[in-house]
Amino acid sequence: MSNPTDRSASQTPAAQAPAGQTTRRITVTVNDTTANHDIAVRQSLSDFIREDLGLTGTHLGCEHGVCGACTILLDGQAVRSCLMLAVHADETTITTIEGLAEPDGTLHPIQQAFHESHGFQCAFCAPGFVMTTMALLNSNPNPTKEQIREELSGNLCRCTGYHTILKGVETAVQLYGSGRRDASETTDTNRQDGGTANA
Ligand code: FES
Ligand code: FES
């Protein structure tokens, strides 16, 4: 899990509001839509996502960086949006849970994997786990069980005991991680062979 405080420390001066300024315009791409937003400089990124954008799939549990429910992808990295100011998201690309499914409602493979594994009960924690899993599999398509446990160790669930969640990630590896990549490589090979491998 990326530490958003690292990013804050590296912000350019242009991302800092002048003293006394209470609002600031940011440009941010959220779920493939780029737009300008006038925001309060003290507004958290999670409040911006939920209240200004109406994307309430990003959940708020602890609001101080412990539970992982608010996890989103910021420039591809898993970030706890409750710990970051929205002004620091200027000129970034954000993906929230609403950005995963297809327009026709077809679930993203990671969502499908958790669905098939009955990964959650109340599912309050689900968006955070899904986004954390996405960041993991984008950087490591074939994680070991230890690596999965380590990556998910910052996300809390009050219901499941975690076994079904871990099973869901293992299914996600097949649908989205190395399994899918292997399948596409096989398909590509078949195409190059003119499909003779299936003959
Ligand atoms: S709400 Fe952000 S980590 Fe809990
Ligand atoms: S399924 Fe209820 S908090 Fe995780």
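Two strands pair if DSSP finds at least two bridges between them, where helices (H or I, at least four residues) and strands (E, at least two) are DSSP runs, numbered from the N terminus. The model is a predicted one, in which local features need pLDDT of at least 70, side-chain atom pairs count only at pLDDT 80 or more, and totals for chains, interfaces and linings use all residues. Residues are numbered from 1 along each chain as its sequence is written, while chains are lettered from A and ligands numbered from 1 in the order in which they are written.

**Exercise 1.** Describe how strand 3 and strand 4 are joined.

*Solution.* Begin with the direction: strand 3 and strand 4 run antiparallel, and four bridges join them. Next, look for a pair of facing residues, and you will find Leu73 opposite Ala78 of strand 4. Finally, follow the chain from one strand to the other: the two form a hairpin with two residues between them, and Asp75 in this turn has a positive phi of about 50°.

**Exercise 2.** Find which residues of the largest nonpolar core touch the most other members, and where the core comes from.

*Solution.* A nonpolar core is a set of buried Ala, Val, Leu, Ile, Met, Phe, Trp, Tyr and Cys residues joined through C-beta atoms within 7 Å. A residue is buried if 20 or more other C-beta atoms lie within 10 Å of its own, exposed if 12 or fewer, and partly exposed in between, with C-beta atoms placed from the backbone. The largest core holds 43 residues, and Leu73, Val130 and Met131 touch the most other members. Among the elements that give it two or more residues are strand 1 (23-30), strand 3 (71-74) and helix 6 (163-175), but the largest share, eight residues, comes from helix 4. For Val130, leaving out residues up to four places away in sequence, the residues touched (C-beta atoms within 7 Å) are Ile97, Ile110, Gln111 and Phe114.

Key. Contact = placed C-beta atoms within 7 Å.
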